[in-house]
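This report covers aromatic pairs and a pocket. Please look over the model before reading on.

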Amino acid sequence: MTWIWNALLVLGISLVISTISYFVFGIKGPWGSYWIKTLVLFLFLMVLSLWLKPTGPQWRGVQYLSLIISGLIFIFFVGSVPNMNDDQPKIPTHLSLMEKKRLMNEYRKDQSRLFYSVNLMFWIFLMLLLALIIAGYYFLE
C-alpha cells in the first residue's frame with residue numbers, strides 16, 4: 001500500500017514542479033511539451049524515491065524534501081537543453097538564392113540528425129528509468 005502513497009506524492013511533486021517551470025519560467029526542455037517533461041520528471045522522481053536512502057522529513061514513509069530538491073535540479077538540467085522545435089535558421093540576406101537553398105538543406109540535415117539523436121537518447125533514458133523502477137520494486141520491497 002505504500003507504493004500508492006509513493007506514486008501519488010511523486011505525481012503531485014512532478015505536476016507542481018513541471019507546471020511552475022513550464023508556465024512561470026518557460027522551461028520547455030528539448031521536446032517542447034509539458035506532458036513529456038512531466039512524464040520524464042515523474043519517472044525520474046519515482047526512481048529516486050525507490051533508490052535513495054530516506055533522509056529528511058517524511059510523509060507516509062516517503063521522503064519529500066529530497067524529491068523536491070532533486071526534481072528542481074533535474075528540471076533545470078532539462079531546461080538547459082535547447083528546444084527541438086526551433087525550425088527557423090539564421091541565414092544572411094546578402095547571399096544568392098542558390099547559397100540560401102544550400103544552407104537550408106544543410107540546416108535541415110543537421111536538424112534531422114539532432115532530432116533523431118535526442119529522440120534516441122530520450123527513449124533509452126525512459127527505458128532505463130522504467131527498468132530501475134521495476135528493479136527497485138522487485139529487489140528493494
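How many aromatic pairs does a search of the whole structure find? In this predicted model, the search finds eight. Two of them are set out below.

| Aromatic pair | Class | Centre to centre | Angle between planes |
|---|---|---|---|
| Tyr-34 and Trp-35 | edge-to-face | 4.8 Å | 80° |
| Tyr-138 and Phe-139 | edge-to-face | 4.9 Å | 80° |

Tyr-34 has a relative accessible area of 12%, so Tyr-34 counts as buried. Trp-35, at 61%, is exposed. In the other pair, Tyr-138 is exposed, with a relative accessible area of 64%, and Phe-139 is exposed too, at 60%.

Tyr-34 and Trp-35 also belong to a cluster, in which ring pairs link them with Tyr-22 and Phe-23.

The remaining topic is the largest pocket, which holds about 240 Å³ of space. Its lining consists of Pro-30, Trp-31, Val-40, Phe-74, Phe-77, Val-78, Val-81, Val-118, Met-121, Phe-122 and Phe-125. Helix H3 (65-79) and helix H4 (97-140) are the elements that each give two or more residues to this lining. H4 gives the most, with four residues. By class, the lining has eleven nonpolar residues, with no polar and no charged ones.

Definitions and conventions
Residues numbered from 1 in each chain as written. Predicted model: local features only at pLDDT ≥ 70, side-chain atom pairs only at ≥ 80, totals over all residues. Heavy atoms only, no water. 1 Å grid on protein atoms, 1.4 Å probe; cavity = no way out; pocket = protein on both sides within 12 Å on 5 of 7 lines; lining within 4 Å. Points joined across faces, edges and corners; volume = space filled by probe spheres on them. Nonpolar A, V, L, I, M, F, W, Y, C, P; charged D, E, K, R; others polar. Phe/Tyr/Trp six-rings, centres within 6.5 Å; stacked < 30°, edge-to-face > 60°. Buried < 20%, exposed > 50% of the residue type's maximum accessible area, 1.4 Å probe, protein only.
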